[in-house]
Amino acid sequence: MKKIAVLTSGGDAPGMNAAIRAVVRKAIYHGLEVAGVHQGYAGLISGKIETMHLGSVGDIIQRGGTMLQSARCPEFTTDEGQEKAISQMKKHGIDGLVVIGGDGSYRGALALTEKGMPAVGVPGTIDNDIPGTDFTIGFDTALNTVIDSIDKIRDTATSHERTFIVEVMGRDAGDLALWAGLAGGAETVLIPEESFEMEDMIERLKSGHERGKKHSIIIVAEGVMSATELAERLKTSANIETRVSVLGHIQRGGSPSARDRVLASQFGAKAVEVLMDGKKGRAIGIQNHQVVDYDLKKAFEKAHGTDTSMYQLSKELSI
């Protein structure tokens, strides 16, 4: 292993820059050459590859987003696209690749590995939905962004004695909604992993109102339904008036938290170590507070699961 490359793919997440920085500087520290691939797998196919130096990643650890940019690339899902990517890597003398991203990015890394190009996956997604790791890069920062928004919305909800519905990201995973709901003291949390009855939610809202509660916060993950749809159903079913706040892409941005910067630095450095050890088709993660590497295929063997005890706790504390 003489030269490695690094790319970011899929949705951006705070801390990706810290991971890029760690890959570049860890590799250079050990005498390797490093290349940065711009625009994810699309850039890998088109050859948007540049040599990285120590100065290339200076002053980026505190920045959100990704300096290497990201892009969707349907072409890379084809054999032809993957062969083009491998051809570009060989042309630039690249012996291994670090892929920072989520589920789709991991599938790309696995495809390259199976075609003979060693690749390692680093989990970068605010959804915290990669099996095999307790936390992903960006989750903590996004969570704090959501909580800050909930705190501000609650001020208005209290002042106007209203029920607010806050929609957060999470198409297939509810960690962001669940953690934010528990930390923000939400009265109701709706996540894709747990079913719910509209009648139960209505009863909880009415019960709170009857005992003098003047406002409520409902957190709904986008994978359950939109906040607008939920508001319409509450109005139709029980004549409950609500206000809607959709946080959207604000959840992905911002300077990464200290936790995400440290996690990203550990993950990036570990990825380089794995490639230097001659391993391929591995994923980096944190399990029981220890940074580990494991078979990349394990990231696809089971669906993401949420902490049911935390979900129950959120219900118990929001009575």
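# Briefing: salt bridges, annotated sites and surface charge

The structure holds 14 salt bridges. It is a predicted model.

**Salt bridge between helices**
- Glu 273 and Lys 26 form a salt bridge, in which the closest N and O atoms are 3.0 Å apart.
- Because Glu 273 belongs to helix H9 (residues 258-276) and Lys 26 to helix H1 (residues 16-29), the pair ties together parts that are 247 residues apart in sequence.

**Annotated domain**
- An unreviewed UniProt entry assigns the feature "domain: Phosphofructokinase" to residues 3-275.

**Annotated binding site and pocket**
- Under "binding site", UniProt (unreviewed entry) lists Gly 11, Arg 72, Cys 73, Gly 102, Asp 103, Gly 104 and Ser 105.
- These residues are spread over 95 residues of sequence, yet they cluster in space, with a largest C-alpha distance of 13.9 Å.
- From this set, Gly 11, Arg 72, Cys 73, Gly 102, Asp 103, Gly 104 and Ser 105 take part in the lining of the largest pocket.

**Surface charge**
- A patch of negative charge on the surface is formed by Glu 197, Glu 199, Asp 200, Glu 203 and Glu 210.
- Within this patch, Glu 203 is part of helix H7, which comprises residues 198-210.

Note on methods. Residues numbered from 1 in each chain as written. Predicted model: local features only at pLDDT ≥ 70, side-chain atom pairs only at ≥ 80, totals over all residues. Heavy atoms only, no water. Patch = residues over 30% accessible without salt bridge, like charges linked within 9 Å, V, L, I, M, F, W, Y side chains within 5 Å. Areas by Shrake-Rupley, 256 points an atom, 1.4 Å probe, with all protein chains shown as cover. Salt bridge = Lys/Arg side-chain N within 4 Å of Asp/Glu carboxyl O. Lys, Arg positive; Asp, Glu negative; His and termini not counted. Charge placed at Lys NZ, Arg CZ, Asp CG, Glu CD. Helix = DSSP H or I, 4+ residues; strand = E, 2+ residues; numbered from the N terminus. UniProt positions renumbered as here; feature names shortened; annotations may be inferred. 1 Å grid on protein atoms, 1.4 Å probe; cavity = no way out; pocket = protein on both sides within 12 Å on 5 of 7 lines; lining within 4 Å.
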